[in-house]
Amino acid sequence: SNMLSYLCQRIGLQLISKWSDLVNTETTFLKLRLHEQFDIPLAKILAIQGGMDAEVLDAATSPHEKVYDACFIGRIHPSKGLYDLLEAWKIVCNHKKDAKLVIIGHGSRDIVDDLKKKVGKSGKIDIKGFLSDQEKYALLKASRLYVLPSYEEGIPITFYEAMYCGLPIVAYYLPTYSEIQQYISCVGIGDIMGLARKITDLLTHGSSTDRICSDGREFAKEHKWDRVAAEIMTGIEKNMLLRRY
């Protein structure tokens, strides 16, 4: 929808293809796309997933009881599927009358105001806006699941954060999630009814996700930033050695 942004991105990718020594991306899916569409040699592309700050997460305090049934953290923008989430939450509340959702993130005033208008005074959805890391993670820990029905993403850092906190994750399935799909619960993109059913099912039968949550937490522990940084540095050093010889 933003032609100038699109053109700038395309020009930037062409320059990267021609002049970069090394490209770091999050997934093998994106690595292959960069190779196929922009002729960037596979040897120049590192596919290393992102990470999260475990120390900050551990330091965040939260109530002993769950305050929210679901938590959204992200940019307040239609591409994040927020309008779909509002519709899905109405369906969730038909099955679970007291279900509460918290939305955390920054966005343009007009979009935030529009969301608040749609939410009204039902008390079912709290829009918190931008919060500090401590506040944000405290609310994440105080939630029963994490939901992010984005229409476009890499692998969100919030996925690792939610996994580390032991929360099940609900999302629209995107090809970039192929390497982590065993740790998240997905429905087809744009499937609002399916999104609502998945959330309702997890809230009703939460114990059925214990194994996924446990595996997800162990997976997230492998994605602390110091370890990710070490992998990137190793990739850079290998690339420099190959160029030298």
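The buried residues of helix H9 are Cys213, Gly216, Phe219 and Ala220, where buried means under 20% relative accessible area with a 1.4 Å probe and protein chains only. These residues lie on the same side of H9, because they cover an arc of only 125° around the axis, the arc being that of the directions from the helix axis to the C-beta atoms. What covers the buried residues of H9 includes helix H7 (157–164), with contact meaning heavy atoms within 4.5 Å. Helix H9 (residues 210–221) has 12 residues and spans 17 Å from its first C-alpha to its last, close to the expected 16 Å, which is 1.5 Å times one less than its number of residues.

This is a predicted model, in which local features need pLDDT of at least 70 and side-chain atom pairs count only at pLDDT 80 or more, while totals for chains, interfaces and linings use all residues. Residues are numbered from 1 along each chain as its sequence is written, and side-chain values use heavy atoms, leaving out hydrogens and water.

Helix H7 also belongs to a right-handed β-α-β unit, together with strands E6 and E7; right-handed says that, with the strands pointing away from the viewer, the path from the first strand over the helix to the second runs clockwise. Helices (H or I, at least four residues) and strands (E, at least two) are DSSP runs, numbered from the N terminus, and two strands pair if DSSP finds at least two bridges between them.

| Strands | Bridges | Direction |
|---|---|---|
| E6 (residues 146–148) and E7 | Three bridges | parallel |
| E7 and E8 (residues 185–187) | Three bridges | parallel |

In strand E7 (residues 169–172), Ile169 and Ala171 point one way and Val170 and Tyr172 the other way, and all are buried. Val170 is the bridge partner of Val147, whereas Tyr172 has Val187 in E8 as its bridge partner.

Definitions and conventions:
Buried < 20%, exposed > 50% of the residue type's maximum accessible area, 1.4 Å probe, protein only.
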